[in-house]
Amino acid sequence: MKPSEIIDHPFAGAYAKRLGVKTPWQGHLPGPKMEAWRFTPLRTLANTPFVPASASAEVDVTELPRGVPLIAGAARLVLVNGAYREDLSDADFGPGVTISTAEAFASSSRSPLALLNAAYASAGVSIDAAGPGLRPIHLVSIGAAGAEPAAFHPRLRITVAPGASLTIIESHVGLPGQTYFSNPVTEIALAENANLRRYVSVAEDSEAFHLATATISIAAGGSLEAFHLGLGGALVRQDITVRFAGRGAAARLNGAYALSGRSHHDFTTVMDHNVPDCRSSQVFKGVADGDSHGVFQGRIHVARDAQKTDARQLHKALFLSRGPEIDCKPELEIYADDVQCAHGAATGEIDHDQLFYLMSRGIDPATARSLLVEGFLTEAVDEISVPEVQALFRDAIGAWLKSRDIARARP
Amino acid sequence: MAATRETAAAVRDVEQYKYGFVTDIESDMAPLGLNEGIIRFISAKKGEPEWMLEWRLKAYRYWLTLADEEPGWAKLRFPKIDYQASYYYAAPKRKAALTSLDEVDPKLLETYKKLGIPLLEQQILAGVAVDAVFDSVSVATTYKKKLEQLGVIFAPFSEAVHKHPELVKKYLGSVVPYSDNFYATLNSAVFTDGSFVYIPKGLRCPMELSTYFRINEKNTGQFERTLIIADEGSYVSYLEGCTAPQRDENQLHAAVVELVALDDAEIKYSTVQNWYPGDADGKGGIYNFVTKRGACRGKNSKIMWTQVETGSAITWKYPSCILQGDNSVGEFYSVAITSNRQQADTGTKMIHLGRNTRSKIVSKGISAGHADNTYRGLVRIGAKADGARNYTQCDSLLIGSTCGAHTVPYVENRNPTAVTEHEATTSKISEDQLFYCRQRGMSQEEAVSLIVNGFCREVLQTLPMEFAVEAQKLVGISLEGSVG
């Protein structure tokens, strides 16, 4: 590693000591010259003097923060600062689901943030699902700092047994007005013909950092349907890697972001096609207002043996004002010839013709803009196959739109 | 169909790299290696003024600080280059000053004939003025008089330094500064020759200007530098073709091309690059590390790059446009073909700074054998580039299951009124199309050549006529032996 590719990070250094193993990242975080992080600088994070969240015990959470939806029929699992809270969680997750808080387990991700997590995470939460008719799970991760900025490292493992089908909804939120750093690592393994629906909402506080790393491996015939929503935080990155481990596996990975103020949101995805006959599709949509910064980096890797791969990816983003920056880097890395791979990316502003069309029918400009933005994002939300969850995410976007003054007419 | 038959014939005829021969001419060479002495040697050889030497030395001293900064981000693998193991100057010995083509060493002329550019014929028939670079020194410049009458300056770079120092001083390094990147900095220190073009105000250059580059002397890196300035309202089309003889060692080629288009000017720059690609096992071949960049300085200016990259063991090349002037236009059309063990990492950068600037990128990558072919491109829209527009299309074709095709576009947008669009696809040759061609009596190779030519059509069409024919042949030749 060149010196220009790292930034010193005292806090990472202290954590690295706990890890015991030498990694190239010992004491460092990725710098701006590191290709995977060029659009998401970590300078502010590195300069914030975080303390481990467990050390700031003076803040306790006794109930769910406002804005966390209650999902009927779903069993709730609550983490506060990365630790499992039995008192806030449901006692019964229904037949077939086992929740255990084990010692930290190994993660396959070698990313610097996953290593940071490994160095610090005290206990992991495992969700093991098997059998038919499983109850959906609603996982709520709450960040709560005290007087000092706090960092925590949730570690989550989800396994779905052969033929089983699980739905999990994740809400990542924080107490308002606090600076915290959530660094979750999620390991998901889907066995043969297993099926997972995972819907993640990241709506952190405007001062919060959230850098999530998720790795999902799918065995033969397994399928993943995922939707990720990013609604804010000072610096948010959702790093998702899907590994196809058996023939006939399929993944639909979709997402949306809606940014305002000085929010920074980064979707980084990797579709790792290592075996033949797998399908992946991605649709990501984003809108950016204020002085926000939206990033999409999506890589599709097709290994030499992964013939008959079908991989598609789309990213579209809209500017809602003059301030934001939107960067995207869709990437195809293909070593097999009998494949169908395509990606598309586009950025621009609200179509004037569409606006004119609505206004010519008597709709005021504010409402017209709002309608168009909602319609634009809905295209991604429509990919969610569970109607209740779809409604939930639609409401979240609607609330974001209302909270923003995006409706104010601009030239 | 004439072109198709020609392509098919070329595929049949050419069994090997057909330009693999060495002209036996005694060279005037600098000692091996690179140091300040060598740079002074080159500068003295060229009889350069003091300011030019100073510029070279400034670049060299900066280059020394870049030891760790050799670009490593491209998807390329090659052993570390020993920059001290190369000769940085080689000029064919000349007996006396030449006044006409008749005095040019017949061996040199013979070489060009084998390359298919008979200078004499071209002078009469094609109306193309050729500034032929043989290794490092331009040996013959044709049609010069006629161009001079129009006020066009088309001269070897070393001559321009003497005759037009004010223009060279003003524009040299203004698009690609000496500190730009590792290879451009090296070039700035050791460049030996190249072409200099100035098109005066309001002139539409009546003929296509062309330079053929040739690497000849063993173990010589070729570092040429081209500077083209199109003054207000002018137009020029410039052709560049490259072939090199067969060698076992890898040879380094680090060129710099700078284009400047002022108000309402247009530059069309076409390249057919066919350096020696190495043999089937990846032995030998040219390392082609080239920095090409054009600045659309003036309003309504336009720069159009077209490249057909079939040669070189390694291609590292990103012809770019800086769209400074309002309403300026940048276009990039590329066909990159890699087979055997070739590696190409090529693309473009479109930097939108002015209002209503437009750019279009069409890239076609074809990968066969054990080759890797990467499109890498950047589209950046500055905060002030209101109404900017970009359209990018990258298509890759894979032939065989041991090659790779990669697409790495960067799209950075800071202006809400700008629209950027990027599309990329990767697939193999359609079985249906192959079947259709075979059914009509074409051989497998003819069929592939036809289909690939069709795949590249959009790009090949933008080439000037003379080049388009050669390029179509090359497409067929390049894939020869890698099909079926």
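Modeller: Before we place any residue, note that helices (H or I, at least four residues) and strands (E, at least two) are DSSP runs, numbered from the N terminus. In this predicted model, B:L66 falls in the loop between α3 and β2 (90–92) of chain B.

Colleague: Is B:L66 buried, exposed or partly exposed?

Modeller: The reading rests on a count of neighbours, in which 20 or more other C-beta atoms within 10 Å make a residue buried and 12 or fewer make it exposed. B:L66 has 15 other C-beta atoms within 10 Å, and is therefore partly exposed. Leaving aside neighbours within four places in sequence, the contacts of B:L66 are B:F182 and B:T185. As for B:P464, it stands 398 residues from B:L66 in sequence and 39 Å away in space, C-alpha to C-alpha.

Colleague: Which residues of α9(B) are buried, and what covers them?

Modeller: In chain B, helix α9 (residues 182–190) is mostly covered, with eight of its nine residues buried. Those eight are B:Y183, B:A184, B:T185, B:L186, B:N187, B:S188, B:A189 and B:V190, and the cover over them includes the helices α2 (36–45) and α3 (50–64) together with the strands β8 (225–230), β11 (256–261) and β13 (285–296), which also belong to chain B. B:T185, one of these buried residues, is also a contact of B:L66.

Colleague: Which residues touch the most other members of the largest nonpolar core?

Modeller: In soluble globular proteins, nonpolar side chains tend to be buried together. Here the largest nonpolar core holds 241 residues, and those touching the most other members are A:L190, B:V197, B:A230, B:L259 and B:I267. Helix α11 (residues 444–460) of chain B gives this core its largest share, eight residues. Taking B:L259 as a case, and again leaving aside neighbours within four places in sequence, its contacts are B:V175, B:I228, B:I267, B:Y269, B:G294, B:A295 and B:I303.

Colleague: How many residues of chain B are in contact with chain A?

Modeller: The size of an interface is often given as the accessible area lost when the parts come together, but let us take residue contacts here. On that basis 30 residues of chain B are in contact with 31 residues of chain A. On the chain B side, β22 (389–399), β23 (404–413) and β24 (419–428) each supply at least two of the residues that touch chain A. Sorted by class, this side of chain B has 12 nonpolar, 12 polar and six charged residues.

Colleague: How many bridges join β24 of chain A to β24(B)?

Modeller: Seven bridges join them, with β24 of chain A (residues 340–349) running antiparallel to β24(B), and A:A346 stands opposite B:E421. Within chain A, β24(A) is joined by 10 bridges to β22(A), in parallel, and β22(A) in turn by 10 bridges to β20 (residues 279–288), also in parallel. Strand β22 (residues 310–319) of chain A has eight of its 10 residues buried, so it is largely enclosed by the rest of the structure.

Colleague: How many helices and strands does chain A have?

Modeller: Chain A has six helices and 24 strands. Its radius of gyration is 21 Å, close to the 22 Å of the globule rule for 411 residues, so chain A is as compact as a globular protein of that length. In chain B the secondary structure comes to 12 helices and 24 strands.

Colleague: What is the mean pLDDT of chain B, and what are the ipTM and pTM of the complex?

Modeller: The mean pLDDT of chain B is 82, with 78% of its residues at 70 or more. Over residues 120–128 of chain B the pLDDT is below 50, and this stretch has 12 contacts in the model beyond near neighbours in sequence. Chain A averages a pLDDT of 88, with 90% of the residues scoring at least 70, although the value stays under 50 over residues 406–411. For the complex, the predictor gives an ipTM of 0.86 and a pTM of 0.86.

Terms used
Residues numbered from 1 in each chain as written. Chains lettered and ligands numbered in written order. Predicted model: local features only at pLDDT ≥ 70, side-chain atom pairs only at ≥ 80, totals over all residues. Contact = placed C-beta atoms within 7 Å. Nonpolar A, V, L, I, M, F, W, Y, C, P; charged D, E, K, R; others polar. Pairing = 2+ DSSP bridges. Core = buried A, V, L, I, M, F, W, Y, C linked by C-beta atoms within 7 Å. pLDDT = per-residue confidence, 0-100. Rg over C-alpha atoms; globule rule 2.2 N^0.38 Å.
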